[in-house]
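Keep the sequence and the 3D view at hand as you go.

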Amino acid sequence: MFKPEELLATTIARLIREAPTRHIAVGAASPIPAAACWLCVKQGDPLRLSLLHKRTGNPFTEGSRELFDLTGQGRVDLFFLGGGEIDGQANLNLIGTGEWPGMAVRFPGSFGSAFMYYMAGRTILFREEHSPRVLVERVAHISAPGVSEPGVFRRGHAQALVTGRCVFRFHPERARFSLASVHPGESVESVRAMTGFAFDVEGEVPETPAPTEAELALLRGAVCDEMLETYPEFCARVFGRKAAA
Amino acid sequence: MTPISLEAMAASIPDGASLALPPDNSLPSVALAKALIRRGAKGLRLIGVPISGFATDILIGAGCVAEVETSAVTLGEAGFAPRFTAALKEGRIRIRDATCPAMHTMLQAAEKGVPFMPLRGLIGSDILAHRPDWKVVESPFGTGEKIALLPALQPDVAAFHAVMADSAGNVWVGRRRECATLAHASRRVLVTVERVVEGNFLEDERLCPGAISATYVEAVAIAERGAQPAALLDEYGFDTAHVLDYARAARTEAGFAEWCARHVFDGRAVAAE
C-alpha cells in the first residue's frame, strides 16, 4: 500500500533521472518535488540539491537573489513550477482568474516563475489537482509562458506535467502535451474527461509504475528525516511523523 | 548606539510611506508590523522582498495598506493570505505584480545608484504587460536579443528583524544577505533585534560577513521574539500552529479583529480609527 503523494514522489524521481541532472533547486511550498529530489539523493544519485526554504544550512549565502543569479547563468539544471491554471501550451497562471489582477479568484502570485521557467535547464510542472478548472484550454493570465518567440533568450522548457491522475510530456517544438502514463485507476478516457486542454496520445499509454518497497522505505525513513524541518505539516500528514519540539 | 522603543520606531514611519519587508523565511519584523497596527498607520505602500508573508497580511487586515508591490503574498504551508485576498477583492488595496528576481534587480539598481538594470525572462508574461514602468529593448550589443529593463526601486523605509545589534549600531543577519541589499537600496533602515551586545561585529572576521554596517541603519529597537511566528535563523523555528490558527481566524473580518485584539493589542488600548 502507498499514498498518492508517494506515487507522485517516485514518479517525479524517475523524471529527474531521465536527463543528466547535476543541480536541482526547489522553491516554495513544494513538498512532493522535494521528496522526489531527496529520494534520488538517498538512492545515491550524485546531485546537488538547493532548497530555497531550508532554514538551517540554507545553501544561499548571498541572499535570496542568489538562486536567480545562479539560474540566470545556467547553473540550475532543473526547477519545479506549478500553477493555479496550466494550459495546453504549458502556460502557467499563478495570478488568478477574472479581470487582472485576479478579481474572480486571486492566487498568491507569480513568485520567480516569470524568470525561472525560461532560465532553468528544464522544468517539471507539478499540480496534484487534475481537473478542468486547473488544466484549462487557455489560462486567464500568463505568469510565465510555455514557449517563447524568437529573439527572447530561453534556456529550457517544461519536461513534463505531473498531476494526481497522470504524467504528460511537453513538446516545445509543437507547444503541446502528450499523455505519457496514467496513474492506477485512471484511463486515457478518464484523463481526457478531466482535462480542459487537448493533448496528443501516441499508441498504448502505460500505467505509471507503482513505488517499489525500497522506494517506500526510503521515503518514509531517510527522506522524511530530511524534510521534517521544512515541511512539518506534510510529514505529519503523509508519513505520520511529527518534528521533535 | 542607543536603541529606541518599538512604538517610537513605528511612529517614525509616516502614513503613505513605501515600506519594504522581507517574507517569512527572511527575517520579517512582525513586532514592528504589530506596532504599526497599534499606531493606526494608514496608506502604506508595501514592497515584498521578493514576496510577502504574514506581516503583510496582518497589516492589510488592519487597514494600514494602500498598495502592495510583490511577487506573491502567501502564508506558506498555511495557504493563501486571507486578508490580502479579501482586501484585493473588495478593492481596498492595489497590487503591482512582479516576479522574484525583478524585485531583487530593481533593488540592486538602487543599491548601485544606477537608473535601471536589465533582466531576462519576463517577455511573454502578462506581468510585463501590466507594468508600464518596465521597458523592453533590443540589446545594444548587436545580438538581436530582446530584454527587459527595470527601473531602480528605492523604498522610503526598509524594516527587518535581525538577531542582534552591537554597541556601534551594526546589525547581524547571518546569511540573509537580501537584507543587506535591501538596506543598501533604501532611504531609511529600521531594524528590530533580539538583543544588543557589547563590541563591534566589523572587528570580528567570523561575524562581519553576516553584518550590515551601521552606515545604513537609522535606528534599532529591541523586540524579543520579534520575527515570530516566522522563524529567525537558528534562534527559533516557524510556528506553524500559530499561523494555521491565524489563517483559520482571518478568513473573516470579525475573526481577524478578534485575533488582532488578542495577539496585537494584547490588552493595550486600541488606536483611534
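**Exercise 1.** Decide whether Arg96(B) is buried, partly exposed or exposed, then find its salt-bridge partner Asp133(B).

*Solution.* Step 1: the relative accessible area of Arg96(B) is 32%, so this residue counts as partly exposed (buried means under 20%, exposed over 50%, partly exposed in between, with a 1.4 Å probe and protein chains only). Step 2: Arg96(B) forms a salt bridge with Asp133(B), their closest N and O atoms being 3.2 Å apart (a side-chain nitrogen of Lys or Arg within 4 Å of a carboxyl oxygen of Asp or Glu). Step 3: Asp133(B) is also partly exposed, at 26%. Step 4: shared partners join Glu67(B), Glu69(B), Arg94(B), Arg96(B), Arg131(B) and Asp133(B) into one network of salt bridges.

A note on the model: it is predicted, so local features need pLDDT of at least 70 and side-chain atom pairs 80 or more, while totals for chains, interfaces and linings use all residues. Residues are numbered from 1 along each chain as its sequence is written, chains are lettered from A and ligands numbered from 1 in the order in which they are written, and side-chain values use heavy atoms, without hydrogens and water.

**Exercise 2.** Find the salt bridge between Asp200(A) and Arg174(A), and compare the exposure of the partners.

*Solution.* Step 2: Asp200(A) is buried, at 18% relative accessible area. Step 3: Arg174(A) is partly exposed, at 35%.
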